[in-house]
Amino acid sequence: MEVSKIAVIGAGTMGHGIAEICAISGFEVSLNDVAENILNSAIEKIKWSLEKLYEKKQIKEEPSQVLARIKTSTSLDEVLKDADFMIEAAIEDLNVKRDIFKKADMLAPSQAILASNTSSLPITEIAESTQRKSKVIGTHFFNPPVLMKLVEIVRGKYTDDATLNVSIQLCKKLEKEIVVVNKDIPGFVVNRILARVVDTACMLVYNGVADVEDVDAVLRYRLNFPMGVFEVADYSGLDVFYFIHGIMTSRGFKARLCPILEEKFKNKEYGVKTGKGFYTYPGPGKYQKPQLEKERATKLDPSIILAHAINEAAYLLREGIATKSDIDKAVMLGLGYPKGIFRFADEFGIDRVVAALEKLSEITGEEIEIDPLLSKMVKENKLGVKTNEGFYRY
Ligand SMILES: NC(=O)c1ccc[n+]([C@@H]2O[C@H](COP(=O)([O-])OP(=O)(O)OC[C@H]3O[C@@H](n4cnc5c(N)ncnc54)[C@H](O)[C@@H]3O)[C@@H](O)[C@H]2O)c1
């Protein structure tokens, strides 16, 4: 199926950006939201962004030409009646999404694919509100869609191959890098790995093993992360993390939210947006990169910060949820890691990762199930770089 018209539902943070990249790539776009003023403000933001891109010569067409391909309407019927592909980016609420999909199923042409940009809700349950379950899929863009290269394409229980292929082709035309998530699990790949790193880092602080700055200094100075884990959490909003974590655990992701995060959420210390999170900022919305002394980077073994994320990645790989290269691509493009999570594992040594997981269980008092893939690798002496073979060969 050839896609030429895309309907984007929800014109907020993600929806307006998705509409923009679709129009930049030459698609006809119809953008929908519940009120005219939201649509007008979305168009203003798109215009501003297109002008910046044009100034920097990152787009060839004049902003007005790109904008001419975006129509807006508060009527779902109007935006969906001739759409080939819908990308829903309304609020993260299962009932709202199911309602939109139910209506879209009735309004869009029968061959149209219906995709959701959900971060944490089940694609399968969204699909069940329609009569075209095989044509429902997840297309998880990252914020901001104009700059972030990654899209996780998520297969629900019913998604067929044709739908997957059309979605992959479409995202490629949007010049995105794709990671296919073969099973509709909470948090897909990126948010599961992120949750493990944030939970570990926070539990290390909660249990007095390290300070916030120590953890971030290790990541920044020893592993070359562009930002420490607490910096990222503050930047993206602790409230967002809290909600997504809650949905993921309610759907069976085995994790305990760190008590410090719980407290920060209760105190409305959401990070940069409120002026205080793990770090304190000059004011609400005023970002200033936290100063971290280099000496702090020696206080902690880096492997303990990433061990649980590596364990999670091993689970995703062993279960066939995503391929090795896709998981590594996901952390590099979705989380900005300087190399893939399996590369870090191989460099630390798989035996060291297993020891770190055992130590982490001891520190937190909560047993972490070591993934059978890691245990098998240790048994077979596939320890990573030091034995010339781990997740990769050297
Ligand atoms: N913000 C992020 O960093 C991010 C990243 C990846 C995915 N997501 C996901 O993308 C989706 C949108 O997130 P966001 O951050 O853009 O939210 P947002 O709150 O900025 O925007 C949501 C928009 O949806 C509109 N809306 C609500 N109900 C609607 C309906 N019935 N029909 C049409 N529009 C409706 C709202 O008016 C609002 O403008 C969510 O599912 C979220 O989980 C967000």
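This is a predicted model: local features need pLDDT of at least 70, side-chain atom pairs count only at pLDDT 80 or more; totals for chains, interfaces and linings use all residues.
Figure 1. F230 belongs to helix 10, whereas F278 lies in the loop between helix 12 and helix 13 (302-318), so the pair ties together parts that are 48 residues apart in sequence.

**Figure 2. The aromatic pair of F225 and F344.** The structure contains 11 aromatic pairs. In the pair shown here, the ring centres of F225 and F344 are 5.8 Å apart and the planes meet at 45 degrees, so this pair is tilted. F225 is found in the loop between helix 9 (212-222) and helix 10 (229-236), and F344 is found in helix 15 (residues 341-348); the pair therefore ties together parts that are 119 residues apart in sequence. Both residues, F225 and F344, are buried. They also belong to a cluster, in which ring pairs link F225, Y337, F344 and F348.

**Figure 3. The disulfide between C202 and C258.** A disulfide is a covalent bond between the sulfur atoms of two cysteines. The structure holds one disulfide, and C202 and C258 are the residues that it joins, with an S to S distance of 2.4 Å. The torsion about the S-S bond of C202 and C258 is about -70 degrees, which means that the disulfide is left-handed. C202 is part of helix 8 (residues 190-206), while C258 is in the loop between helix 11 (238-250) and helix 12 (259-266), so the pair ties together parts that are 56 residues apart in sequence. C202 is buried, because its relative accessible area is 0%. C258, also with 0% relative accessibility, counts as buried.

**Figure 4. The cysteines C22 and C171.** C22 counts as buried, at 0% relative accessibility. C171 likewise counts as buried, at 1% relative accessibility.

**Figure 5. The shell of residues around the ligand.** There are 22 residues around the ligand, and T13, M14, D33, E92 and K97 come nearest. By type, the shell divides into 10 nonpolar, nine polar and three charged residues. Helix 1 (13-24), helix 5 (94-107) and strand 6 (136-141) each contribute at least two residues to this shell. Helix 5 provides the largest share, three residues.

**Figure 6. Polar side chains at the oxygen atoms of the ligand.** In the side chain of D33, an N or O atom is 2.7 Å from an oxygen atom of the ligand. K97 places a polar side-chain atom 2.8 Å from an oxygen atom of the ligand. For N143, the distance from a polar side-chain atom to an oxygen atom of the ligand is 3.4 Å. The ligand taken alone exposes 820 Å², and the protein buries 75% of that area.

Notes. Residues are numbered from 1 along each chain as its sequence is written. Side-chain values use heavy atoms; hydrogens and water are left out. A disulfide is a pair of cysteine sulfur atoms within 2.5 Å. Helices (H or I, at least four residues) and strands (E, at least two) are DSSP runs, numbered from the N terminus. Buried means under 20% relative accessible area, exposed over 50%, partly exposed in between (1.4 Å probe, protein chains only). A residue is near a molecule or strand if one of its heavy atoms lies within 4 Å of it. A polar contact is a pair of N or O atoms within 3.5 Å; within protein, one must be able to donate a hydrogen and the other to accept it, and residues adjacent in sequence count only if both atoms are side-chain atoms. Accessible areas come from the Shrake-Rupley method with a 1.4 Å probe; for residues, only the protein chains shown count as cover. Ala, Val, Leu, Ile, Met, Phe, Trp, Tyr, Cys and Pro count as nonpolar, Asp, Glu, Lys and Arg as charged, and the others, Gly among them, as polar. Rings of Phe, Tyr and Trp (its six-membered ring) pair if their centres lie within 6.5 Å; planes under 30 degrees apart count as stacked, over 60 as edge-to-face and the rest as tilted.
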